[in-house]
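Dear colleague,

I am passing on the structure below, together with notes on what turned up in it. Please read them with the model open beside you.

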Amino acid sequence: MRRPHIAVLNGPNLNMLGLRQPGIYGSATLDDVEQICIQAAERLDVGIDFRQTNIEGELVSWVQECRGRFDGIVINPAAYGHTSIALLDALLSVDLPVIEVHISNIHRREAFRHHTYVSQAAIGVICGLGVRGYAHALQAITDLIEDEG
């Protein structure tokens with residue numbers, strides 16, 4: 001049986017983790033997040049492709065490229081989750097399970113962060129668990145893929 005392959009996609013400003021508002025996002029860097037994902041993937045016996053961009057169109061293109069190449073998507077859309085209908089449309093078009101991740105609890109923050117368009121395409125949303133939320137998201141999407149298989 002082929003090993004599942006999961007895209008782990010990250011949106012704008014996540015390259016600034018560890019520097020940007022550590023009181024909200026913690027001191028972990030994006031490299032630390034990637035290592036957490038690599039360790040989780042090894043434990044789960046899945047492959048991952050870990051990426052980050054500050055460019056909305058690039059993130060949309062990456063999502064579109066997942067169709068037929070990946071078995072699922074874990075995405076932290078960051079601010080694009082709150083603003084991008086284009087990202088929602090891309091996620092809906094690829095016919096893959098999606099788990100949305102946010103490091104902070106978006107529901108305990110500013111009102112404009114309470115709604116995400118991405119949630120409409122996601123099977124589940126993990127928020128407020130810090131960078132460890134990525135490992136939980138990889139576990140959840142692996143379970144979904146295995147249940148479908």
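Does Cys66 count as buried or exposed? At 1% relative accessibility, Cys66 counts as buried, where buried means under 20% relative accessible area, exposed means over 50%, and partly exposed lies in between, with a 1.4 Å probe and protein chains only. Before going further, please keep in mind that this is a predicted model, in which local features need pLDDT of at least 70 and side-chain atom pairs count only at pLDDT 80 or more, while totals for chains, interfaces and linings use all residues. Residues are numbered from 1 along each chain as its sequence is written, and side-chain values use heavy atoms, with hydrogens and water left out.

Cysteines

If a disulfide is taken as a pair of cysteine sulfur atoms within 2.5 Å, the count comes to 0 disulfides. Cys37 is in no disulfide, and the cysteine sulfur nearest to its own, that of Cys66, is 14 Å away. Cys37 is buried, with a relative accessible area of 0%.

The sheet

Helices (H or I, at least four residues) and strands (E, at least two) are DSSP runs, numbered from the N terminus, and two strands are said to pair if DSSP finds at least two bridges between them. On that basis, 5 strands form an open sheet in the order 2-1-3-4-5, with parallel pairing. Its edges are strand 2 (47-52) and strand 5 (124-127), each of which pairs on one side only. From one strand to the next, the twist averages 15 degrees, the axes being lines fitted to C-alpha atoms, for helices over the stretch in contact, with angles that run from 0 to 180 degrees between N-to-C directions.

Strand 1 (residues 5-10) and strand 3 (residues 72-76) run parallel and are joined by 5 bridges. Within this pair, Val8 stands opposite Val74, and the bridge partner of Leu9 is Ile75. On to the next neighbour, strand 3 pairs with strand 4 (residues 98-102) in the parallel sense over 3 bridges, and there Val74 has Ile99 as its bridge partner.

Strand 3 is mostly covered, as 5 of its 5 residues are buried. In a regular strand the side chains alternate between the two faces of the sheet. In strand 3, Gly72, Val74 and Asn76 point one way, whereas Ile73 and Ile75 point the other way, and all are buried.

Helices on the sheet

Helix 2 (residues 30-44) lies across strand 1 and strand 2, and runs at about 165 degrees to strand 2. Helix 3 (residues 56-66) also packs on the sheet, touching strand 1, strand 2 and strand 3, and its direction makes about 170 degrees with that of strand 1. Contact here means heavy atoms within 4.5 Å.

Asn10 has its place in strand 1 and, at 0% relative accessibility, counts as buried. Leaving aside residues up to four places away in sequence, Asn10 touches Leu30, Phe50, Arg51, Gln52, Thr53, Leu59, Asn76 and Tyr134. Ile36, which lies in helix 2, counts as buried at 9% relative accessibility. With the same exclusion of residues up to four places away, Ile36 touches Val131, Arg132 and Ala135. Ile36 and Tyr134 are 98 residues apart in sequence, yet 7.5 Å apart in space, C-alpha to C-alpha.

Rings, charges and loops

A charge sits over a ring if NZ of Lys or CZ of Arg is within 6 Å of the ring centre and within 35 degrees of the ring normal. The charged end of Arg51 sits in this way over the ring of Trp62, 5.0 Å from its centre.

Finally, there are backbone angles to check in the loops. Gln21, found in the loop between strand 1 and helix 1 (22-25), has a positive phi of about 40 degrees although it is not a glycine. At 38% relative accessibility, Gln21 counts as partly exposed. Asp45 lies in the loop between helix 2 and strand 2, and its phi is near 60 degrees, a positive value in a residue other than glycine. Asp45, at 47% relative accessibility, likewise counts as partly exposed.

With best wishes
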